[in-house]
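Dear colleague,

Please read the notes with the model open beside them.

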Amino acid sequence: MFPRPMTPLAAPNGAEPLGRAVRRAPLGRARAGLGGPPLLLPSMLMFAVIVASSGLLLMIERGILAEMKPLPLHPPIREGSAWRGTVSRTGGLSLNAEDSDLQVRQDIRNRTLRAVCGQPGMPRDPWDLPLGQRRTLLRHILVSDRYRFLYCYVPKVACSNWKRVLKVLAGVLHSVDVRLKMDHRNDLVFLADLRPEEIRYRLQHYFKFLFVRDPLERLLSAYRNKFGEIREYQQRYGAEIVRRYRAGAGPSPAGDDVTFPEFLRYLVDEDTERMNEHWMPVYHLCQPCAVHYDFVGSYERLETDANQVLEWVRAPPHVRFPARQAWYRPASRESLHYHLCSAPPALLQDVLPKYILDFSLFAYPLPNVTREACHQ
């Protein structure tokens, strides 16, 4: 019930599938031409832009939540493990009637996802996906068998805190407030670790959710963090970006002074399916047409949405979503506006199509970078 990118159209034998970005060589190798996003039919693209640019239709339908059925050979249903939300007669997940903002956003997203995912050629199941896309998806879905839920993590959308919560629920950590460097692999279970029949069971019977964020704000957050603070990223990506896009950079740049426009040029030139996960579009990471998510939370109201999920899965009362640290300064709307207005308009026009489904499917407005807006 939640969307992702259009699958490439078939091509004649020996030809590159239509709509698939030209695959680029690994960093350090030159490639002619620019990569592009999956092919969108004109009507589809127009629909996406309309949805992303306006508040759009307030709707009534809700996402479908399958009832849990006991099956053999799989994790037993722990007493009280079902989420605390209820299933209405129409199959929809019941939300707090007093939270009209949450209700409206979920209605908009559910309706948009159904409309886009209902288009011909969209996947209905993870096994409809090409092997590479399916591998990326399964490596990004975390499993809690004890509380019977699946969480698709999106880097730069509080995924470290969610991993901390999963470790507390699994009994690995005693508190979400433990001050430890996050290990992003150990003591976590990913769908990719399981056999196909185990994956299918969990996809059908577990509560499934993800959290999303304004696509450009997420890019700015990744840019500031990875190129401003993480030496590994400066050496692996930053140095090559400077060599490739800055005249007179020299053969061995440090990579610690990448500009935001240089980062955007790099994104334009990258194949979305081969991007680093920190700037890969959400629709490639979580494939919301192939996986029918029961809830899509927002970074903009992270703590409220996250604790709502914990209530639905019946987490113990003492387990809460970690509060944002006092020292943490997320990318602000003002900072994003400044960086976007400092970038060449033509560059933004090349970047936006790669993230257009993230804008449209999750009801985020396209940026206003007109001359008037940028001079306000």
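The notes below concern helix packing.

This is a predicted model, in which local features need pLDDT of at least 70 and side-chain atom pairs count only at pLDDT 80 or more, while totals for chains, interfaces and linings use all residues. Residues are numbered from 1 along each chain as its sequence is written, and side-chain values use heavy atoms, with hydrogens and water left out.

Helix 8 (residues 260-268) is mostly covered, with eight of its nine residues buried (under 20% relative accessible area, with exposed meaning over 50% and partly exposed in between, for a 1.4 Å probe and protein chains only); helices here are DSSP runs of H or I with at least four residues, numbered from the N terminus. The buried residues of helix 8 pack against helix 6 (215-228), helix 7 (231-245), helix 11 (333-342) and helix 12 (345-351), where contact means heavy atoms within 4.5 Å.

The axes of helix 6 and helix 8, which are lines fitted to C-alpha atoms over the stretch in contact, with angles running from 0 to 180 degrees between N-to-C directions, come within 11 Å and cross at roughly 110 degrees. That makes helix 6 roughly perpendicular to helix 8 (65 to 115 degrees). Leu219, Leu220, Tyr223 and Phe227 in helix 6 meet Phe260, Phe263 and Leu267 in helix 8.

In helix 11, Ser335, Leu336, His339 and Leu340 are buried, whereas Glu334 and Tyr338, on the other side of helix 11, are exposed. Helix 6, helix 8 and helix 12 are included in what covers the buried residues of helix 11.

Best regards

Methods
Helices (H or I, at least four residues) and strands (E, at least two) are DSSP runs, numbered from the N terminus. Angles under 35 degrees count as roughly parallel, over 145 as roughly antiparallel, 65 to 115 as roughly perpendicular and the rest as oblique.
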